[in-house]
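Please look at the structure before reading the points below.

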Amino acid sequence: MAAHNTANEYRMAKFYFDSKAYTDAARTLEGVLAEEPTNLSVRMLLARSYFHSAQLRRAEAELLRILEADPAEDYARLMLGRTLERQGRTEEARPHLRLAAAMTGETV
């Protein structure tokens, strides 16, 4: 039964995110993540929710956890670079943005 509730909570969080209710999405996803701490999709949506609701330190922490589990996750790398930029940490952001660009074939 818990998995069913978790799936419903994730769907609700996705609805909040798509509706640009990022703080509500983050709050809901925190509960989902407590049930599924290794689910990188949940963690990524949580990081994006934090980013869009200007909870940049929390976004940074989640993105670092994602990259620890999957260093080749190019979108997490890009998001980390952007999160650091928004915090005025341009020098720290640059290598992450370059690596993300190299991973996806984009130019910086």
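How many salt bridges does a search of the whole structure find? The search finds 9 salt bridges. The model is a predicted one.

**Packing of α5 and α6**

- Two packed helices are described by the angle between their axes and the distance between the axes.
- Helix α5 covers residues 74-86 and helix α6 covers residues 90-104; their axes come within 8 Å and cross at roughly 150 degrees.
- Angles over 145 degrees count as roughly antiparallel, so α5 and α6 are roughly antiparallel to each other.
- The crossing in which α5 passes α6 is left-handed.
- On the α5 side, the residues in contact are Asp74, Arg77, Leu78, Leu80, Gly81, Arg82, Leu84 and Glu85.
- On the α6 side, they are Glu92, Ala93, His96, Leu97, Leu99, Ala100, Met103 and Thr104.
- Sorted by type, the residues of this contact between α5 and α6 are 8 nonpolar, 3 polar and 5 charged.

- Arg58 pairs with Glu30 in a salt bridge, and their closest N and O atoms are 3.8 Å apart.
- Arg58 belongs to helix α4 (residues 56-69) and Glu30 to helix α2 (residues 22-35), so the pair links distant parts of the chain, 28 residues apart.
- Arg58 has a relative accessible area of 46% and is partly exposed, and Glu30, at 32%, is also partly exposed.

- Glu60 and Arg89 form a salt bridge with closest N and O atoms 2.7 Å apart.
- Glu60 is in helix α4, whereas Arg89 is in the loop between α5 and α6, so this pair ties together parts 29 residues apart in sequence.
- Both Glu60 and Arg89 are buried.

- Glu91 forms a salt bridge with Arg94, and the closest N and O atoms are 2.7 Å apart.
- Both residues lie in helix α6, where Glu91 and Arg94 are 3 residues apart, or about one turn of the helix.
- Is Glu91 buried or exposed? Glu91 has a relative accessible area of 57%; values over 50% count as exposed, so Glu91 is exposed.
- Arg94, with a relative accessible area of 31%, is partly exposed.

Notes:
Residues are numbered from 1 along each chain as its sequence is written. This is a predicted model: local features need pLDDT of at least 70, side-chain atom pairs count only at pLDDT 80 or more; totals for chains, interfaces and linings use all residues. Side-chain values use heavy atoms; hydrogens and water are left out. Axes are lines fitted to C-alpha atoms, for helices over the stretch in contact, and angles run from 0 to 180 degrees between N-to-C directions. Helices (H or I, at least four residues) and strands (E, at least two) are DSSP runs, numbered from the N terminus. Angles under 35 degrees count as roughly parallel, over 145 as roughly antiparallel, 65 to 115 as roughly perpendicular and the rest as oblique. A crossing is left-handed if the near helix is turned anticlockwise from the far one by less than a right angle, and right-handed if clockwise. Contact means heavy atoms within 4.5 Å. Ala, Val, Leu, Ile, Met, Phe, Trp, Tyr, Cys and Pro count as nonpolar, Asp, Glu, Lys and Arg as charged, and the others, Gly among them, as polar. A salt bridge is a side-chain nitrogen of Lys or Arg within 4 Å of a carboxyl oxygen of Asp or Glu. Buried means under 20% relative accessible area, exposed over 50%, partly exposed in between (1.4 Å probe, protein chains only).
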